[in-house]
Every structure is written in structure tokens, then in C-alpha cells.
Amino acid sequence: QNHAVGTYGPRVLEAVQRVPVVAGIANAVVRRTFFAHFCGGESLGEAVQKTNWLTSQGVGVIFDYSVERTAGEAGADETKKVVGQVLSTVARTERPELGMGCVKLTGLVRPGLMEKVAGLVEGRFDSEVDYGLLSTALNEEEIATFKTFVGRLDELCADAQKKKVTLLIDAEQFRMQPTIDYLSMVMQAKYNDKDNAYIYATLQCYLKVTESRLNQMTQFARNSNVKLGMKLVRGAYLDHETRVSLAANKPNPVFENIDNTHRSFNTAAAVCINGVREGTTAVVLATHNKDSVLTAIESAKMLGVDTHDRNLTFAQLFGMGDSLSALLRGEECNVFKYVPFGPVEEVVPYLGRRMEENRDMLKKAPEDMMMLKEQLWESIKSRLGVGA
């Protein structure tokens, strides 16, 4: 059954998007099956309720409003409102350190505008947006729209700092990623400080530019006298990036083989863990790869970094990789589950990529969940002094 979910699930989700006539019926099926297993619900309230059992046992939750759409004004306002609600909800909990928010910038502005800016800011970082530079390629209306977009993002980042809640800025397609990286560092320079990272950028380690980009970001944060906030992932747009580069007759920005991606992730993780040791970096290692997890733990121990250091966090997707989460709990690491939520018909593109990306892992998802619950129960019994 779970193999079928991984193999055919993305095709079903794609069909939902392409055949509006049957979308209602298809969405009902999606809602009862893989959406129910891999998502927190259609609202933030549902996501909080569904994950209470995790936070009650010390496993953190990253609440991800996973709606992907071309953001008009109404859509951008809705995204900002919901992400703001995430920050407020986390701040009000008994243990706010066990909650994070995240934001996709395509929920705040249309992708085309970020693509247009990307060519201007590629390879550079500033402490504030250089609108003089942007005006060389954008017209007055586009500048005004971009300023409104940056204003929305700035309000969210200011709110995260005020409430002392971590806000992760997600990575997206390569063609707009330079803009996302640029704005991530503008916000870090403004709202992180020497001791605390409230705003995190995200690097996709399947990209060939990862090493140089990380070095640039690290140096910029040091020059700005702020702690670098970094989330590392392998990447979720592999097929898309390959297809786009072929169509445009451009070099593929993604590594040609998985071994290079593994090497890239592990190298970046080592750099960031060393930054944790130096007190200059806070990192979220978002991975389902056991070898990468074990390598990171070994690296931390060799460098004298406490595996429970608040600046070193591991994360897996909700409903996947739970045996790995249990292993990390056993090592007393900070463990978070990445929990997407939103209206089912608008979350399906995200869910489809996750299922395709992690097809092999889906085969053992229920067994993973049981292992995590058993590990948590053993932890409870140990603390209470209860025998087996």
C-alpha cells in the first residue's frame, strides 16, 4: 500500500490539478489518504492538534503553510496572515523553543518578479535592499510591487525577532533562488544578532553553487556581526531543474549524480557545525539520509559540540523518517518534524514533490511512526522509573 502511495501518489495529485471536473472527488480521496498521513491538516489549528503528542515529548514542530500559488495581493495577504499566526501560536506555547515557522516567498510575490531581480543580485549580499540597483531593470510599477513584497517579509521577520521564534525562509526554484538568498541575508543582517539567529536561509545541496554560496553567506554574516541562520536540504526540484535547463540549453545547476549531492550536503553540514562550535552559526540539518545524520553527529562530537546545543537541530518530514528521528532522540539531539498544512487542493504540488522525492521511504512510513512512538514511550518510562 505504501509503495503504491509513493509510486502513484504524485500522478494522482497531478491529475487533481489538471482535471478540474473531478478535482472535488480526487481531493476527497487525497484528503483521506496521503494528505492525512503526511500533512498536519487544512488549518493551523488542525496542525497544532495533530502534533501535540510530539511536542509533549520534546520533539519540535516546524509549521509550514505549504500553499503554492502565484501570489496576487489577496493571496500574499493571506500567506502573511497565516505565517504571522504560526509565529504567534508558537510564542504562546509552554515550550516555544519546540516550534518554528517557515515561509515560501512565492506566497508573498509573483515568481516572475523574483526571477527578474535574480539576475541583478546573483552572488551579492547587502544589509538592505539596493533599490537603485533594482531600478536598472525594473519599471516603477515593479519597484513598487517589490517594495510591498519586501515590506510584508520585513514585518514577518520583525515579528519573529520580537516573539523570539525561529522563521525559516524556504528555498525554491533555481531561477529565483538568488533573490531569495539575497533577501534572506538582508533580513538576517537586520533581525539576527551576535548570539541569536531568528531568521534562517535555506541552501539546497544538490546545487553546484552550494559551497560558494555558503561561504559567501558565512562571510557576510560575520561582517554584519550576526549569527548565521542556515537550513540545509538536499533539494526538491530535481526533475524541474533538469527539464528547465535542457529546454533553455543551459548547464544543469544540479549535480549529475547523487554521490556529489551527498558529498555537498555533508561538507556544508560540517562547515555549519564548525560554525556552531565557534558560536557564529545556527543550523537545521533537514535530511532523511542516515549516513549524513551519523556523520553530522560524529562531527559534532569530535568538535566538542553538545548534540543538544540549541544551535544544532535535525529535521525530518512529518510522516517520514521517524525511525531516524527516534535514533536522533536516542542521541539526545534536537529533533523537529516538518509539518505542512493548508487547503488540500493548494498543498498538493508540495505533497507531490515530497512523495516523489522520498518514494522509497514511504514503504516503511507506518513502521517508522511506530518506532518513534515506542522510543518516546521508553523515554517516558525511564523518566518515571517505570519498568518494562
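User: Contact here means heavy atoms within 4.5 Å. Among contacts in the protein between residues at least 6 apart in sequence, what share joins residues at least 24 apart?

Analyst: Of those contacts, 77% join residues at least 24 apart in sequence. Please keep in mind that this is a predicted model, in which local features need pLDDT of at least 70 and side-chain atom pairs count only at pLDDT 80 or more, while totals for chains, interfaces and linings use all residues. Residues are numbered from 1 along each chain as its sequence is written, and side-chain values use heavy atoms, with hydrogens and water left out.

User: OK, and how many helices and strands are there?

Analyst: The protein has 17 helices and eight strands, where helices (H or I, at least four residues) and strands (E, at least two) are DSSP runs numbered from the N terminus. Of its 388 residues, 55% are buried, and buried means under 20% relative accessible area, with exposed being over 50% and partly exposed in between (1.4 Å probe, protein chains only).

User: Let's look at some helix pairs. At what angle do α12 and α13 pack?

Analyst: Helix α12, residues 258-278, packs against α13 at about 25 degrees, and their axes are 10 Å apart. That angle makes α12 roughly parallel to α13, because angles under 35 degrees count as roughly parallel, over 145 as roughly antiparallel, 65 to 115 as roughly perpendicular and the rest as oblique. The axes are lines fitted to C-alpha atoms, for helices over the stretch in contact, and angles run from 0 to 180 degrees between N-to-C directions.

User: Which residues meet there?

Analyst: From α12 there are Phe265, Asn266, Ala270 and Ile273, and they meet Ser292, Ala296, Ser299 and Ala300 of α13. By type, the residues of this contact between α12 and α13 are five nonpolar, three polar and no charged. In that scheme Ala, Val, Leu, Ile, Met, Phe, Trp, Tyr, Cys and Pro count as nonpolar, Asp, Glu, Lys and Arg as charged, and the others, Gly among them, as polar.

User: And how do the axes of α13 and α14 cross?

Analyst: The axes of α13 (residues 290-302) and α14 (residues 322-330) come within 11 Å and cross at roughly 15 degrees, which makes α13 roughly parallel to α14. Lys290, Val293, Leu294 and Ile297 in α13 meet Leu324, Leu327 and Leu328 in α14, and the residues of this contact divide into six nonpolar, no polar and one charged.

User: Is the crossing of α12 and α13 left-handed or right-handed?

Analyst: The crossing of α12 and α13 is right-handed, and α13 also passes α14 in a right-handed crossing. A crossing is right-handed if the near helix is turned clockwise from the far one by less than a right angle, and left-handed if anticlockwise.

User: Switching topic: is Lys337 buried or exposed?

Analyst: Lys337, which lies in strand β8 (residues 334-341), counts as buried, because its relative accessibility is 1%. Its side chain makes a polar contact with the side chain of Asp322 at 2.6 Å. A polar contact is a pair of N or O atoms within 3.5 Å; within protein, one must be able to donate a hydrogen and the other to accept it, and residues adjacent in sequence count only if both atoms are side-chain atoms.

User: What does Lys337 touch beyond its neighbours within four places in sequence?

Analyst: Lys337 is in contact with a list of residues that includes Leu54, Val59, Ile62, Phe318, Asp322 and Ser325.

User: What about Thr89, where does it lie?

Analyst: Thr89 lies in helix α5, residues 73-92, and it is buried at a relative accessible area of 17%. The side chain of Thr89 reaches the backbone oxygen of Gln85 at 2.8 Å, and, leaving aside neighbours within four places in sequence, Thr89 is in contact with Leu44 and Val48.

User: Last one: which residue has a positive phi of about 60 degrees although it is not a glycine?

Analyst: That is Lys164, found in the loop between α8 (140-163) and β3 (166-169), and Lys164 counts as exposed at 59% relative accessibility. Asn249 also has a positive phi, near 55 degrees, and is a residue other than glycine; Asn249 sits in the loop between α11 (238-247) and α12 and is exposed at 72%.
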